[in-house]
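Trainee: Hi! Could you walk me through this structure, one piece at a time?

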Amino acid sequence: MAFNILISDPLSEDGIFPLRQAEGFNIVIETNLSPAELGERIGEFDALLVRSQTQVTREIIEKGTRLKIIGRAGVGVDNIDLPAATERGIIVVNAPDGNTNSAAEHTVAMLMSLARNIPQAFHALKNQKWDRKAFIGVELKNKTLGVVGLGRIGAEVATRAKGQRMNVIAYDPFLTPEKAEKLGVQFGTIDEVIRAADFITVHTPLLKETRHLINKEAFEKMKDGVQIINCARGGIIDEDALYNAIVEGKVAGAALDVFEEEPFLDHKLLKLPQVIATPHLGASTVEAQEIVAVDVSYDVVSFLQGGVVKNPVNLPSVPKDIMAKIEPYFNLVEKLGSFLSDLADGVAEELNIYYSGELANMTVGPLTRNAVKGLLKSKLGESVNDVNAKFLADRIGIVVNEHKTTKSKGFMSLITVEVKTDKETRKVSGTLLNGLGARIVRVDDFVVDVVPEGYLLFIRHKDQPGAIGRVGTLLAAEGINIAGMQVGRSEVGGDAIMMLSIDKHVEETGVEQLKGLADIYDATPIDL
């Protein structure tokens, strides 16, 4: 059977070599199609390969009656309507690893340029100024590089920094001291990293937790004369706070490749001589552009020839009869994973999902992937999806296990998600109640009845009169309304919990105040 492949954005010939080499593939390259023209042509093709230019909308996907796979030669898939593709059973693949080396090399180039004032010195020469004294730099040898985010790119940067005989201290939400030792870097908390480093480079996704992670308070904790590099995502560093820290002399220099708003042309940071910048060039190499095309081409060939894909982005097609039975649990099991991501202390090492009752007789793989996605999403961002969640868990080192029992445990179906970290084991159970929807029915060994959505507050306390009142009074003082409350205890006067549904998130200062109340052991805000 012959397959028709449409390439609608420019890709190198070397990048599409796997397609050229495969038998039975008819390749059509049309890189200037308008949306209307693409809509007219797409029905002829089994696969579509794009970069960022082509907008693969729901309308295009619905007209692609033969489409089986869409390949994005790059990381982001913002230009592809994933829900529409999933509904049609069309798999979407991308190339998340293709730019790793290029991004790491660019980061190191920025690091060395920053340390030796290379762009500033070149600019002076271009303006016919020979001034050696003005551009005295510092050596990297024996300096400490703080790496915030030790994923693919962060780990590559750390390896290269060690080659420069730098000391490396790193923070990552999935990094343990044991893993750090294997990588040959020092393990640290975020505070320990920014306090110890002479140079700081960030390599995290942009999430609500990482937006302005490097802010005014963070700069105040750093060494005088620290230097900052950001080749990851604009917004991780508070640009106004960085500007002030440079002007005040706290930060000696900054190298920036990404910005909160791009194009980044008229910003006060660019007017500072201590700042060097490039226009988002981290992945802009011939090799990276070729590698992402090669990776996607191999996935397209493998899939159409009946094999598996390396980098799926969306949920593959599931038989309709199975999907109809398990789909109502998708949101619940993801929320259970998210709940544990906020609740559990430490670095996750093992995730167990227990299916009881009717679910034990069903295919639960998609549910397991959703549980893993919920656990990882708050740390890794929107790049985590139903299909790649288990792959990412494997890469991080989290063991994922499924367990089944037909014993009902009081419910027609019950899902229990348990996470084991390097510090503790926590678990949460949930079910669907007829006419009432999703419910969390147990947290650890305490029975509750909580809707898994919105803002929750989990409090462990001693079972003593007045504890609930003190919590309510403090939340009222913070302007936080309580929408619902569940309490549970192990025995009279023993350990107890409160689960509060509240109208807005409790900030860190409020959490610390709660922990300071009499008989309160711990307080954890959970955002679902």
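Mentor: Happy to. Let's begin with a term we need: a crossing is left-handed if the near helix is turned anticlockwise from the far one by less than a right angle, and right-handed if clockwise. Keep in mind that this is a predicted model.

Trainee: Okay, so which hand does the crossing of H17 and H18 have?

Mentor: H17 passes H18 in a right-handed crossing. Helix H17 covers residues 467–477 and helix H18 covers residues 508–515, and their axes come within 10 Å and cross at roughly 155°. Angles over 145 degrees count as roughly antiparallel, so H17 is roughly antiparallel to H18.

Trainee: Which residues make the contact there?

Mentor: From H17 you have Val471, Leu474 and Leu475, and from H18 there are Gly510, Gln513 and Leu514. By class, the contact of H17 with H18 divides into four nonpolar, two polar and no charged residues.

Trainee: How do H15 and H16 pack?

Mentor: Helix H15 (residues 365–380) and helix H16 (residues 389–396) have axes 8 Å apart, at an angle of about 60°. That makes H15 oblique to H16. The crossing of H15 and H16 is left-handed.

Trainee: And who is touching whom?

Mentor: On the H15 side the contact uses Thr368, Arg369, Val372, Lys373, Leu376 and Leu380, while H16 brings Ala389, Lys390, Leu392, Ala393 and Ile396. The contact of H15 with H16 has seven nonpolar, one polar and three charged residues.

Trainee: What about H5 and H7, at what angle do they cross?

Mentor: Roughly 50°, with the axes of helix H5 (residues 100–116) and helix H7 (residues 152–163) coming within 9 Å. H5 and H7 are therefore oblique to each other. Their crossing is right-handed.

Trainee: Which residues of H5 and H7 make that contact?

Mentor: H5 contributes Thr100, Asn101, Ala103, Ala104, Glu105, Thr107 and Val108, and H7 contributes Arg152, Ile153, Glu156, Val157 and Arg160. Sorted by class, the contact of H5 with H7 holds five nonpolar, three polar and four charged residues.

Trainee: What does the side chain of Thr431 reach?

Mentor: It reaches the backbone oxygen of Ser413, at 2.5 Å. Not counting residues up to four places away in sequence, Thr431 touches Leu332, Phe411, Ser413, Leu414, Gly437, Ala438, Arg439 and Val441.

Trainee: Nice. Where does His461 lie?

Mentor: His461 is part of strand E19, residues 455–462. At 4% relative accessibility, His461 counts as buried too. The C-alpha atoms of His461 and Asp495 are separated by 6.1 Å, and these residues are 34 residues apart along the chain.

Trainee: What else is His461 in contact with?

Mentor: Leaving aside neighbours within four places in sequence, the contacts of His461 include Ala467, Gly494, Asp495, Met498, Asp519 and Tyr521.

Trainee: Last one: is the peptide bond from Glu262 to Pro263 cis or trans?

Mentor: The peptide bond from Glu262 to Pro263 is cis, with omega near 0°. Pro263 is found in the loop between strand E11 (251–256) and strand E12 (275–277).

How values were computed: Residues are numbered from 1 along each chain as its sequence is written. This is a predicted model: local features need pLDDT of at least 70, side-chain atom pairs count only at pLDDT 80 or more; totals for chains, interfaces and linings use all residues. Side-chain values use heavy atoms; hydrogens and water are left out. Axes are lines fitted to C-alpha atoms, for helices over the stretch in contact, and angles run from 0 to 180 degrees between N-to-C directions. Helices (H or I, at least four residues) and strands (E, at least two) are DSSP runs, numbered from the N terminus. Angles under 35 degrees count as roughly parallel, over 145 as roughly antiparallel, 65 to 115 as roughly perpendicular and the rest as oblique. Contact means heavy atoms within 4.5 Å. Ala, Val, Leu, Ile, Met, Phe, Trp, Tyr, Cys and Pro count as nonpolar, Asp, Glu, Lys and Arg as charged, and the others, Gly among them, as polar. A polar contact is a pair of N or O atoms within 3.5 Å; within protein, one must be able to donate a hydrogen and the other to accept it, and residues adjacent in sequence count only if both atoms are side-chain atoms. Buried means under 20% relative accessible area, exposed over 50%, partly exposed in between (1.4 Å probe, protein chains only).
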